[in-house]
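Open your viewer and get ready to select residues. We will go from stop to stop, and each stop tells you what to pick next.

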Amino acid sequence: METLLTSPQAFSAEQLVRHAAAKLAGDFAGLGVVFYDSLAALPHLQLEVVGDGRFDLPVVGLQAIGEVLARTARRSSPWHDGFHFVHAGSGALTHLCQFIAPPLPGAADAAPRAGGARHMTALLASKVAGVVAIGLLTHERTASIYEAGRLTLSETF
């Protein structure tokens with residue numbers, strides 16, 4: 001998937017998080033989306049999904065991805081856990097339900113600060129080569145965007 005071409009379908013992490021926030025169901029569980037150019041430096045594994053429902057990937061475009069994320073981000077969905085991946089250049093949803101394991105900072109690096117495991121994971125992963133941004137949307141409907149190890153957006157909808 002890393003060879004997808006840039007297209008007019010591309011959009012930002014902030015646009016997708018805002019779009020997804022408008023479509024959330026009452027049993028929304030939370031959402032994490034990794035926007036990437038390359039996944040070569042980001043360790044990740046597919047989480048086991050038990051239950052019905054499959055998605056044909058890639059899904060392209062803001063509207064179509066928003067619909068898939070709204071369906072998967074419900075507590076009743078077996079697809080709600082982990083991070084979902086969007087290729088930044090093409091605007092294509094390429095992976096669902098991924099466990100990510102960003103490298104921890106070395107002893108010489110300043111320890112980053114983020115509240116909670118999902119936020120710390122997003123902050124650290126946003127520093128990985130090939131990762132453009134990470135968008136989070138909590139069940140309290142607070143959106144956060146991390147880019148290059150920094151929180152660049154925090155907003156409640």
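The tour below starts with confidence and then visits cores, helices, strands and salt bridges.

**Before you start**

This is a predicted model, in which local features need pLDDT of at least 70, side-chain atom pairs count only at pLDDT 80 or more, and totals for chains, interfaces and linings use all residues. Residues are numbered from 1 along each chain as its sequence is written, and side-chain values use heavy atoms, with hydrogens and water left out.

**Stop 1: confidence**

Color the chain by pLDDT, the predictor's confidence in each residue, from 0 to 100. The protein chain averages 86, and 89% of the residues score at least 70. Now select residues 1–8. Here pLDDT stays under 50. The model has 19 contacts beyond four places in sequence for this stretch; a contact means heavy atoms within 4.5 Å. Where pLDDT is low, the predicted coordinates should not be read in detail.

**Stop 2: the largest core**

Select Leu16, Leu31, Phe35 and Leu137. These residues have the most contacts inside the largest nonpolar core, which has 29 residues. A nonpolar core is a set of buried Ala, Val, Leu, Ile, Met, Phe, Trp, Tyr and Cys residues joined through side-chain atoms within 4.5 Å. Buried means under 20% relative accessible area, exposed means over 50%, and partly exposed is in between (1.4 Å probe, protein chains only).

Which elements give two or more residues to this core? They are helix 1 (13–21), strand 1 (31–36), helix 2 (62–72), strand 5 (92–100), strand 6 (131–137) and strand 7 (142–147). Helices (H or I, at least four residues) and strands (E, at least two) are DSSP runs, numbered from the N terminus. Helix 1 gives the most, with five residues.

Keep Leu16 selected and show what it touches. Not counting residues up to four places away in sequence, Leu16 touches Phe11, Val33, Phe35, Leu62, Ile65, Gly66, Leu69 and Val86. There is also a second, separate core of 16 residues, which includes Tyr36, Phe85, Ala125 and Ile134.

**Stop 3**

Select helix 1. Its buried residues are Ala13, Leu16, Val17, His19, Ala20 and Ala21. They pack against strand 1, helix 2, strand 4, strand 6 and strand 7.

Next, select helix 3, residues 117–125. Here His119, Thr121, Ala122, Leu123, Leu124 and Ala125 are buried. These buried residues pack against strand 4 (83–87), strand 5, strand 6 and strand 7.

**Stop 4: strand 5**

Select strand 5. Eight of its nine residues are buried, so strand 5 is largely enclosed by the rest of the structure. Which strands pair with it? Two strands pair if DSSP finds at least two bridges between them.

- Strand 2 (residues 44–46) pairs with strand 5 in the antiparallel sense, over three bridges. Find Leu45; its bridge partner in strand 5 is Phe99.
- Strand 3 (residues 59–60) runs antiparallel to strand 5, and two bridges join them. Find Val60; its bridge partner in strand 5 is Ala92.
- Strand 4 also runs antiparallel to strand 5, joined by four bridges. Find Phe83, which stands opposite Gln98 in strand 5.

Zoom in on the turn between strand 4 and strand 5. The two form a hairpin with four residues between them. Gly91 in the turn has a positive phi of about 70°.

**Stop 5: salt bridges**

How many salt bridges does the structure hold? It holds four. A salt bridge is a side-chain nitrogen of Lys or Arg within 4 Å of a carboxyl oxygen of Asp or Glu.

Select Arg18 and Glu155. Their side chains meet in a salt bridge at 2.8 Å, N to O. Arg18 lies in helix 1 and Glu155 in strand 8 (residues 150–156), so the pair ties together parts that are 137 residues apart in sequence. Arg18 counts as partly exposed at 33% relative accessibility, and so does Glu155 at 25%.

Move on to Lys23 and Glu67. Their side chains meet at 2.9 Å, N to O. Lys23 lies in the loop between helix 1 and strand 1 and Glu67 in helix 2, so this pair ties together parts that are 44 residues apart in sequence.

Finish with Arg74 and Asp27. The closest N and O atoms of this salt bridge are 2.7 Å apart. Is Asp27 buried or exposed? At 17% relative accessibility, Asp27 counts as buried. Arg74, at 33%, is partly exposed.
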